[in-house]
Amino acid sequence: MTIHKHVSDEEEFVPAYAGRLNHAPIPKHRLPDLESPPTAVYRMIHDELLLDGSSRLNMATFVTTWMEPEADRLMAETFDKNMIDKDEYPQTAEIERRCVNIVADLFNAPSGGDAIGVSTIGSSEAVMLAGLAMKWRWRARREAAGLPTDRPNMVMGSNVQVVWEKFCRYWDVEPRYVPVATDRFVVDPGEVMDRVDENTIGVIPILGTTYTGEFEPIKEIHDRVVAYNTEHGDDIPIHVDAASGGFVAPFLHPELEWDFRLPQVKSINVSGHKYGLTYPGLGFNIWRSAEDLPEELVFHVNYLGGDMPTFTLNFSRPGNQLVGQYYNFVRLGRDGYRRIMEALRDTAMQISSGVAAMPEFEVVSDGSAIPVLAFKMAADQPFTVFHVSDQLRMAGWQVPAYTMPDDASDVAVLRVVVREGFSPDLADGLLAELRKSVAHLLEYPPANPPETELFSHT
């Protein structure tokens with residue numbers, strides 16, 4: 001959430017169309033005194049939003065920007081359903097239950113086990129819930145052994161999404177960051193284990209980093225954590241942050257062991273609004289078994305008409321994202337998701353191949369893990385990735401440029417996220433504009449870095 005400062009000036013917005021729709025200016029920072037016609041308000045806001053960039057040309061965001069018209073219609077029909085009210089909207093609750101079970105099955109939850117899960121606003125909420133469960137379980141183990149509980153820590157790469165940093169700060173957990181390197185943008189398993197001790201509440205590998213889209217070596221990290229637990233009589237869990245890759249790996253890399261096939265993986269989060277192909281915001285967190293989610297964290301409320309166990313940070317929220325997700329699950333099935341992910345991967349690799357053919361760039365990740373590619377400048381170029389990003393933005397393309405995490409912060413990259421709706425023809429258009437931008441920068445080398453704000457890597 002962005003923090004906004006209160007403004008109390010008298011600035012006004014004057015509607016367009018020469019007074020056809022509304023004669024009176026409208027205050028920007030306070031409620032107007034009178035009502036306005038709905039058509040005038042619609043047109044005013046519609047026209048203001050034209051200043052936003054094109055979502056189809058936005059290569060920065062991971063979140064879904066296109067769904068089928070039938071899904072749009074279903075979601076529009078269910079905006080008013082408060083999914084927390086399971087007594088009033090039992091079928092929406094049933095759809096949530098089905099979605100959680102589908103995701104658990106996709107992640108190879110043990111057959112006949114008691115895996116449980118929740119839907120969330122997105123992976124940010126899911127991460128907070130998973131972290132709380134890990135902290136509570138660690139604290140219970142320590143208390144049962146008569147050991148202190150005042151110094152919990154969590155081991156994760158410096159390449160984690162910012163929500164993990166938020167969790168550690170908000171819930172008083174020491175973050176132990178595993179560095180990346182200038183030639184390696186995922187964690188080294190040995191360096192992970194160097195930071196693990198009896199106060200570690202969990203180890204957090206990533207399936208598809210936001211910086212480059214790469215998979216971390218989850219199975220190797222898992223096996224080392226298991227060996228550590230055996231040696232020390234501990235039960236340090238692994239939580240996989242699969243926000244970006246959880247709806248990709250099962251279809252593109254079905255043999256890759258990263259999920260509940262690994263016994264020490266106790267929980268997994270995933271974003272439905274990324275490669276689950278559903279509009280924001282929707283995520284899921286799945287626990288291997290009921291014992292991995294402490295009962296003390298589950299609240300029971302009855303003031304909506306029936307006993308409702310709930311484990312969320314948010315309470316009221318619309319059920320339409322779940323309806324959209326269920327539409328995708330039923331509409332596409334495993335084969336449909338596989339075909340879409342293959343098409344997105346092929347488009348990502350089409351772009352990375354085109355970039356690799358340009359001597360000005362070096363490809364960091366080619367889009368073969370998830371449909372995300374990253375590339376940096378080759379040595380001795382007269383401009384930076386920030387200049388390239390700036391040039392592309394002038395042509396309407398939003399391609400983020402940013403520096404890598406600590407210990408590799410002297411490396412700066414451009415990243416392209418390929419989502420459904422981005423066609424091979426558009427990929428050719430992006431490559432053509434990239435070549436045009438490079439040609440311009442070679443002909444007119446910049447004297448100074450562009451005065452543009454760096455894009456976020458999230």
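The axes of helix H3 (residues 90-106) and helix H9 (residues 320-356) come within 9 Å of each other and cross at roughly 50°, where helices (H or I, at least four residues) and strands (E, at least two) are DSSP runs numbered from the N terminus, and where axes are lines fitted to C-alpha atoms, for helices over the stretch in contact, with angles running from 0 to 180 degrees between N-to-C directions. The model is a predicted one, in which local features need pLDDT of at least 70 and side-chain atom pairs count only at pLDDT 80 or more, whereas totals for chains, interfaces and linings use all residues. Residues are numbered from 1 along each chain as its sequence is written, and side-chain values use heavy atoms, with hydrogens and water left out.

H3 and H9 are therefore oblique to each other, given that angles under 35 degrees count as roughly parallel, over 145 as roughly antiparallel, 65 to 115 as roughly perpendicular and the rest as oblique. In the contact between these helices (heavy atoms within 4.5 Å), Ile95, Glu96, Arg98, Cys99, Ile102, Val103, Asp105 and Leu106 of H3 meet Leu322, Gln325, Tyr326, Phe329 and Arg334 of H9. By class, this contact of H3 with H9 comprises eight nonpolar, one polar and four charged residues, where Ala, Val, Leu, Ile, Met, Phe, Trp, Tyr, Cys and Pro count as nonpolar, Asp, Glu, Lys and Arg as charged, and the others, Gly among them, as polar.

Strand S15 (residues 412-417) is mostly covered, six of its six residues being buried; buried means under 20% relative accessible area, exposed over 50%, and partly exposed in between (1.4 Å probe, protein chains only). In a regular strand the side chains alternate between the two faces of the sheet. In S15, Ala412, Leu414 and Val416 point one way, while Val413, Arg415 and Val417 point the other way. Strand S13 (residues 372-377) runs antiparallel to S15 and is joined to it by five bridges, pairing being assigned if DSSP finds at least two bridges between two strands. Within this pairing, alanine 374 has arginine 415 as its bridge partner in S15. Strand S14 (residues 401-403) also pairs with S15 in the antiparallel sense, over three bridges, and threonine 403 stands opposite alanine 412.

The peptide bond from proline 280 to glycine 281 is cis, with omega near 0°. Leucine 277, located in the loop between S8 and S9, has a positive phi of about 75° although it is not a glycine, and leucine 277 is buried, with a relative accessible area of 4%.
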